[in-house]
Amino acid sequence: MEDIIIFGSSLFNHNENLIRVFQRLRKYNLKLNPAKYNFLRPEVVYLGHLITPEGICTDPESKDADDVRRFVALCNYYRQFINNFAEIAKPLLV
């Protein structure tokens, strides 16, 4: 498992969600490496997007052609699991 992103509408809600995730990890005997994790970050870069309290936007530091190709490959993989993917997804303009 690479990434676990936990969020909440408030600090209290975030902490409740964090506790639930830790309980689930413990239940299945999954271990975390504390050196690799960051807590209470106000913004996160994930899958080429910058996620902030204001919303989601494209990460300004990852706009090269290889990143776009990787994203399209990721979409192509997951389309088999999403009904009506072609109707839902908007065309990507390069």
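A search of the whole structure, which is a predicted model, turns up 0 disulfides. A disulfide is a covalent bond between the sulfur atoms of two cysteines.

**Cysteines**

Take Cys57. Cys57 belongs to no disulfide. Its nearest cysteine sulfur is that of Cys75, 17 Å away. Now turn to Cys75. Cys75 is in no disulfide either, and the nearest cysteine sulfur to it is that of Cys57, at 17 Å.

How open are the two residues to the surroundings? Cys57 has a relative accessible area of 38%, so it is partly exposed. Cys75 has 22%, so Cys75 is partly exposed too. The cut-off matters here: buried means under 20%.

**A loop residue**

Where does Glu54 sit? Glu54 lies in a loop. That loop runs between strand 2 (49-52) and strand 3 (55-58). Is Glu54 buried or exposed? Glu54 is exposed, because its relative accessible area is 74% and exposed means over 50%. Glu43 is 11 residues from Glu54 along the chain. The C-alpha atoms of Glu43 and Glu54 are separated by 9.5 Å.

**Aromatic rings**

How many aromatic pairs does a search of the whole structure find? The count is 4. A pair of aromatic rings is described by the distance of the centres and the angle of the planes. Two of the pairs involve Tyr77.

One of them joins Tyr77 and Tyr78. The ring centres are 5.0 Å apart and the planes meet at 80°, so this pair is edge-to-face. Another joins Tyr77 and Phe81. Here the centres are 5.6 Å apart, with 65° between the planes. That pair is also edge-to-face, because the angle is over 60 degrees.

Together, Tyr77, Tyr78 and Phe81 form one aromatic cluster. The table lists how accessible each member is.

| Residue | Relative accessible area | Class |
|---|---|---|
| Tyr77 | 47% | partly exposed |
| Tyr78 | 42% | partly exposed |
| Phe81 | 53% | exposed |

Why do the classes in the table read as they do? The line for exposed is drawn at over 50%. Phe81, with 53%, counts as exposed. Tyr77, with 47%, is partly exposed. Tyr78, with 42%, is partly exposed as well.

Notes:
Residues numbered from 1 in each chain as written. Predicted model: local features only at pLDDT ≥ 70, side-chain atom pairs only at ≥ 80, totals over all residues. Heavy atoms only, no water. Disulfide = S-S within 2.5 Å. Buried < 20%, exposed > 50% of the residue type's maximum accessible area, 1.4 Å probe, protein only. Helix = DSSP H or I, 4+ residues; strand = E, 2+ residues; numbered from the N terminus. Phe/Tyr/Trp six-rings, centres within 6.5 Å; stacked < 30°, edge-to-face > 60°.
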